[in-house]
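Reader: Hi! Could you walk me through this one while I have it open?

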Amino acid sequence: MPDIPTKVVLRSEESDGVVSIVDNVVPGNWPGPFLHKHDFDEAFYVLEGELVFQVEDALITKRAGDMAFAPRGVAHTFTNRADAPARYLLVCTPAGFERYFARMAAERAGEEPPEWALQPTPPVERVGPQIGR
């Protein structure tokens, strides 16, 4: 993963496991994660920039103020094809995946992750490549 500035805004322990929110920034021309699926819903609210999402076979472009939704069990990914960074809020329900981002942020900072981030994260299944350029 690239150096993605990440801030966990709401974590599992604060919502009885119902929902988590992570504020992420991805660099320009970032290919994004591989096509994947998992057993939690994700909503991506774009705050700055533009992201292209693949949800199943559909490609959709979302800009600041737009939201993309990837239901649980559905293959999805996203990319930033623009030269500028893009910032988005990631909302996951049920919660738990925010721990992955907290561990990643701690590793980049050369720190130990917080105790709550050491709990298990939901599994993610890779089902295909990144979005074609």
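Reader: What radius of gyration does the protein have, and what would a compact globule have?

Author: The protein has 14 Å, which agrees with the value near 14 Å for a compact globule of 133 residues. The radius is taken over C-alpha atoms, and the globule rule is 2.2 Å times the number of residues to the power 0.38. Along the principal axes, the C-alpha atoms fill a box of roughly 40 × 30 × 25 Å.

Reader: Thanks! Before we go on, what are the ground rules here?

Author: This is a predicted model, where local features need pLDDT of at least 70 and side-chain atom pairs count only at pLDDT 80 or more, while totals for chains, interfaces and linings use all residues. Residues are numbered from 1 along each chain as its sequence is written, and side-chain values use heavy atoms, with hydrogens and water left out.

Reader: How many helices and strands are there?

Author: The protein has 1 helix and 10 strands. Both are DSSP runs numbered from the N terminus: helices are H or I with at least four residues, strands are E with at least two. The order from the N terminus is β-β-β-β-β-β-β-β-β-α-β.

Reader: And what share of the residues is buried?

Author: Buried residues are 38% of the 133. Buried is under 20% relative accessible area, exposed is over 50%, and partly exposed is in between (1.4 Å probe, protein chains only).

Reader: What about contacts between residues 24 or more positions apart?

Author: Those account for 71% of the contacts with a separation of 6 or more. A contact means heavy atoms within 4.5 Å.

Reader: Which strands does S5 pair with?

Author: S5 runs antiparallel to S6 (residues 58-63), joined by 6 bridges, and it also pairs with S8 (residues 76-79) in the antiparallel sense over 4 bridges. Strands pair if DSSP finds at least two bridges between them.

Reader: Which residue in S6 is the bridge partner of Gln 54?

Author: That is Leu 59. On the S8 side, Phe 53 has Phe 78 as its bridge partner.

Reader: How many residues lie between S5 and S6 in the hairpin?

Author: There are 2, and Glu 56 in that turn has a positive phi of about 55°. Glu 56 has this phi although it is not a glycine.

Reader: What is the phi of Asn 29?

Author: Asn 29 has a positive phi of about 55°, and it is not a glycine either. Asn 29 sits in the loop between S2 and S3 (36-38), and at 37% relative accessibility it counts as partly exposed.

Reader: Switching topic: where is the cis peptide bond?

Author: It joins Thr 93 and Pro 94, with omega about -5°. Pro 94 belongs to the loop between strand S9 (86-93) and helix H1 (98-109).

Reader: Is Asp 16 buried or exposed?

Author: Asp 16 is exposed, at 75% relative accessible area. You will find Asp 16 in the loop between S1 (6-10) and S2 (20-26).

Reader: Last one: how many positive and negative side chains are there?

Author: There are 13 positive and 20 negative, and the centres of the two sets lie 4 Å apart. Lys and Arg count as positive, Asp and Glu as negative, and His and the chain ends are not counted. Each charge is placed at NZ of Lys, CZ of Arg, CG of Asp or CD of Glu.
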